[in-house]
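Take them one point at a time and find each piece as you go.

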Amino acid sequence: MTEDDLPALVGPVEVVGAGLIGTSIALVCSRLGMEVVLRDTSAENVRTAHGLGAGRAVASTDRPQLVVVAVPPAAVADAVVDALGRTDAVVTDVGSVKAAPLAAVSARVGPTELVRYVGSHPMAGSERSGPLAASAALFDGRPWAITPHPSSSPDAVGLVEALVLECGAAPLRMDPAEHDRAVARTSHLPHLAAVLVAGRLAAAPAEHLALSGQGVRDVTRVAASDPALWQQILGANSEAVLDLLGEVRSDLDALMAAVAAGAETGLVEILTRGNAGTAAIPGKHGGPARPTRSVFVAVPDHPGELARLFGDAGEIGVNIEDVRIDHDPARPVGLTELVVERGSAERLLAALESRGWTTHR
């Protein structure tokens with residue numbers, strides 16, 4: 001089915017769960033002129049989302065064309081079954097695990113209802129939660145998995161894809177089980193790795209923590225996410241996660257043995273495999289990763305300095321691929337890391353130094 005052949009998404013759209021993802025979807029649909037109705041166990045969430053322009057509270061007379069279930073993982077199956085039973089709408093959920101909810105729904109509804117259910121999962125979000133964190137731009141350019149099952153009707157799949165495209169995301173159709181293996185590798189395992197590293201910091205002496213740099217912040221950032229939510233995610237995808245944890249345990253045993261024995265060859269092999277994995281991550285705009293280099297610049301911590309640095313880089317003609325800031329604990333200065341194309345790094349360094357910036361190689 002081509003984009004021109006997709007069913008028209010005209011609404012009403014019912015969003016079940018007025019949190020970050022649900023309210024963001026509701027904002028998109030509302031701004032496109034669709035009628036959006038909101039359902040949530042929290043009346044405050046509905047009031048807040050309504051105040052943001054995301055829609056209105058659901059009424060018993062509403063007849064949605066599409067129901068979007070955006071609730072915590074443990075509640076997905078119940079909410080999908082409820083929506084299939086009380087409406088004749090297409091129903092999708094946007095949870096981060098697909099196979100377990102599908103199995104639970106399939107066991108509780110008949111074939112005429114099941115054809116209207118299509119799972120999906122936008123790869124977008126934030127450590128923040130709730131409707132106040134929502135944004136109509138949350139999904140712009142982001143991958144959004146669509147995970148139909150063998151009984152899903154083509155029109156139902158097409159309507160979910162129409163929603164994805166209206167949200168500005170890039171649809172990617174996947175088998176539900178394959179989706180769960182993919183997110184275990186690219187999301188759930190990295191989260192657990194961050195949690196384990198961050199956990200070693202909780203009782204660390206203050207003098208150890210004083211040496212914290214950007215590296216430890218990069219590795220541990222996602223560990224700040226909601227533990228209750230992640231307990232549900234990991235419980236729903238335990239099989240795929242356990243398979244990967246077993247592989248990591250084997251790698252950890254090999255790493256410990258190499259470090260203990262001073263085995264340079266084994267250690268280099270493990271470290272090189274990490275380089276290869278990093279290089280395998282898709283680069284900018286989904287293309288192959290390109291060689292980059294970091295340029296470090298000391299930036300005074302007061303208004304206007306970052307704007308001046310970016311302005312200078314623009315005048316020099318070097319595109320900044322990424323940026324990170326490591327704040328100096330002893331001075332009001334931030335060490336700003338500008339990631340640029342490798343061949344542009346020396347030219348940028350020399351030009352910034354000529355403009356009075358303090359750089360580090």
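1. Which strands does helix α14 lie across, and at about what angle does helix α14 run to β9? Have a look at residues 345-354: that stretch is α14, and it lies across β9, β11 and β12. The angle to β9 comes out at about 15°. Bear in mind throughout that this is a predicted model.

2. Now for the sheet under that helix. It is an open sheet made of four strands, ordered β10-β11-β9-β12, with antiparallel pairing. At the edges you'll find β10 (320-327) and β12 (358-360), each of which pairs on one side only. On average, neighbouring strands here are turned by 25° against each other, if you ignore direction.

3. Zoom in on β10 and β11. Seven bridges hold this antiparallel pair together. Another helix to look for is α13 (residues 305-316), which lies across β9 (292-300), β10 and β11. Helix α13 runs at about 140° to β9.

4. Is E337 buried or exposed? With a relative accessible area of 14%, E337 counts as buried, because the cut-off for buried is under 20%. The side chain of E337 makes a polar contact of 2.4 Å with the side chain of S294. If you skip the neighbours within four places in sequence, the residues in contact with E337 are S294, V295, F296, D322, V323 and R324.

5. There is another sheet to compare. This open sheet has five strands in the order β3-β2-β1-β4-β5, and the pairing is parallel. Its edge strands, each pairing on one side only, are β3 (56-57) and β5 (90-93). As a reminder, strands of a sheet pair through backbone hydrogen bonds, either parallel or antiparallel.

6. Strand β2 (residues 36-39) and β3 run parallel and are joined by two bridges. For L38, the bridge partner in β3 is A57. Helix α6 (residues 154-166) also packs on the sheet, where it touches β4 (66-69) and β5. The direction of α6 makes about 55° with that of β5. Helix α2 (residues 43-51) lies across β2 and β3, and runs at about 155° to β2.

7. How long should helix α11 be? It covers residues 238-261, so at 1.5 Å a residue its 24 residues should span 34 Å. The end C-alpha atoms are 34 Å apart, which agrees. Buried residues in α11 include A240, V241, L244 and A258. Among the elements covering the buried residues of α11 are α7 (176-199), α10 (227-236) and α12 (264-280). After α11 comes G262, with a positive phi near 65°.

8. Last, a quick one on rings. The structure holds one aromatic pair. Its members are F139 and W144, with 5.1 Å centre to centre and 45° between the planes, so the pair is classed as tilted. F139 is buried, at a relative accessible area of 0%. W144 is buried too, with a relative accessible area of 0%.

Definitions and conventions: Residues are numbered from 1 along each chain as its sequence is written. This is a predicted model: local features need pLDDT of at least 70, side-chain atom pairs count only at pLDDT 80 or more; totals for chains, interfaces and linings use all residues. Side-chain values use heavy atoms; hydrogens and water are left out. Two strands pair if DSSP finds at least two bridges between them. Contact means heavy atoms within 4.5 Å. Axes are lines fitted to C-alpha atoms, for helices over the stretch in contact, and angles run from 0 to 180 degrees between N-to-C directions. Rings of Phe, Tyr and Trp (its six-membered ring) pair if their centres lie within 6.5 Å; planes under 30 degrees apart count as stacked, over 60 as edge-to-face and the rest as tilted. Buried means under 20% relative accessible area, exposed over 50%, partly exposed in between (1.4 Å probe, protein chains only). The expected span of a helix is 1.5 Å times one less than its number of residues. A polar contact is a pair of N or O atoms within 3.5 Å; within protein, one must be able to donate a hydrogen and the other to accept it, and residues adjacent in sequence count only if both atoms are side-chain atoms.
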